[in-house]
Amino acid sequence: MALVDETLTCRKLSNGWRANLTISEDAISGKGSGNGSDKKTATLLTDLITGTGSELLQPQLKALFHSHGKLHEIPVALHNNRENTVGLLSAWPTPTTHDKTPSLILHVAVDPKCAETLDELARIQSRHQLILDAAGDGVYGLDRNGRCTFANDAAEDILGWCRKEVIGQVIHDIHHHTHLDGSHYPKEDCPIYAATQDGEIHRVDTEVFWHINGSPVPVEYT
């Protein structure tokens, strides 16, 4: 098991994790004699989990601090200097009191069959990304909290945001936060956010998104 804080920095690792990752307890706590880069590799969870979907895991984990939910058996690969250990990751928040830092407990059940699952996910993701990038319209994927899970090339071209900058961010806060007249656009009034909550189809043709340079972009969206 692993214990991580809200920055997804590892605070504790079980003997099993440290054995699989060839990481010492001193390195995790920052007490090692490395040159600094070793400390970063040892302490940041996102440097330890690799492979398909790893960039999406970070916002999912951070969301647990606010939703008090649980992730259950997500295929992941734990990386060390020699090889990857594949398994199913589950995560849940620890009970907190006023004097304790919010933390998540992470557990990975090692399963050799996960390697096949991760390979298949990689093939599916690559195929879907090619289809999305061929589309002339901008396409964003959002999770239930409105955080971006993917974006295609056209979305980058239209709004100027690099997808790496918006993955895991609440999309409304980035490009849909203000009406054309300059008035604030609450997320709760946004049809996009409504779709993540009610599962209904919403079509709009009278609004703007905001380009990275601050200019409004008239849009039609579903």
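Let's start with a contact you can find on the screen: the side chains of R163 and E156 form a salt bridge, with 2.9 Å from N to O. By salt bridge I mean a side-chain nitrogen of Lys or Arg within 4 Å of a carboxyl oxygen of Asp or Glu. E156 is partly exposed, at a relative accessible area of 22%. For that scale, buried is under 20% relative accessible area, exposed is over 50%, and partly exposed is in between, using a 1.4 Å probe and protein chains only.

Before going on, a word about what we are looking at. This is a predicted model, where local features need pLDDT of at least 70 and side-chain atom pairs count only at pLDDT 80 or more, while totals for chains, interfaces and linings use all residues. Residues are numbered from 1 along each chain as its sequence is written, and side-chain values use heavy atoms, with hydrogens and water left out.

Back to R163. Which other residue does the side chain of R163 meet in a salt bridge? That partner is D153, at 2.2 Å from N to O. R163 sits in helix α8 (residues 163-166) and D153 in helix α7 (residues 153-159), so this pair ties together parts that are 10 residues apart in sequence. Helices here are DSSP runs of H or I with at least four residues, strands are runs of E with at least two, and both are numbered from the N terminus. D153 is partly exposed, with a relative accessible area of 31%. Through shared partners, the salt bridges join D153, E156 and R163 into one network.

How many salt bridges does the structure hold? There are three. Another of them pairs the side chains of R11 and D5, at 2.6 Å from N to O. R11 is partly exposed at 47% relative accessibility, whereas D5 is buried at 8%.

Let me zoom out for a moment. The protein chain has 10 helices and 10 strands. Of its 222 residues, 34% are buried. Take the contacts, meaning heavy atoms within 4.5 Å, between residues at least 6 apart in sequence: 44% of them join residues at least 24 apart.

Now to strand β5, which covers residues 84-93 and includes P93. P93 is buried, with a relative accessible area of 19%. Its C-alpha atom is 6.1 Å from that of I105, a residue 12 places away along the chain. S90 lies in strand β5 too, and S90 is buried at 10%. Setting aside neighbours within four places in sequence, S90 is in contact with K70, L71, H72, E73, I105, L106 and H107.

Where does S103 lie? You will find S103 in the loop between β5 and β6 (104-110). S103 counts as buried at 11% relative accessibility. Beyond its neighbours within four places in sequence, S103 is in contact with L3, V4, F65, W92, P93 and T94. S103 and K62 are 41 residues apart in sequence, and their C-alpha atoms are 10.0 Å apart in space.

Next, a backbone detail. Most residues other than glycine have a negative phi. L8 is not a glycine, yet it has a positive phi of about 60 degrees. L8 belongs to the loop between β1 (2-4) and β2 (10-13), and at 2% relative accessibility it counts as buried.

A cavity here is a set of points, on a 1 Å grid over the protein atoms alone, where a 1.4 Å probe fits but cannot get out, and lining residues have an atom within 4 Å of a point. The largest cavity has a volume of about 60 Å³, where grid points are joined across faces, edges and corners and the volume is the space filled by probe spheres set on the points. Its lining is made of L142, G146, V170, I171, H172, H176, K187, C190, I192 and Y193. The elements giving two or more residues to that lining are α9 (171-175) and α10 (191-198).

Last, the cysteines. How many disulfides does a search of the whole structure find? The count is zero, with a disulfide taken as a pair of cysteine sulfur atoms within 2.5 Å. C148 is buried at 1% relative accessibility, while C162 is partly exposed at 34%.

Definitions and conventions
1 Å grid on protein atoms, 1.4 Å probe; cavity = no way out; pocket = protein on both sides within 12 Å on 5 of 7 lines; lining within 4 Å.
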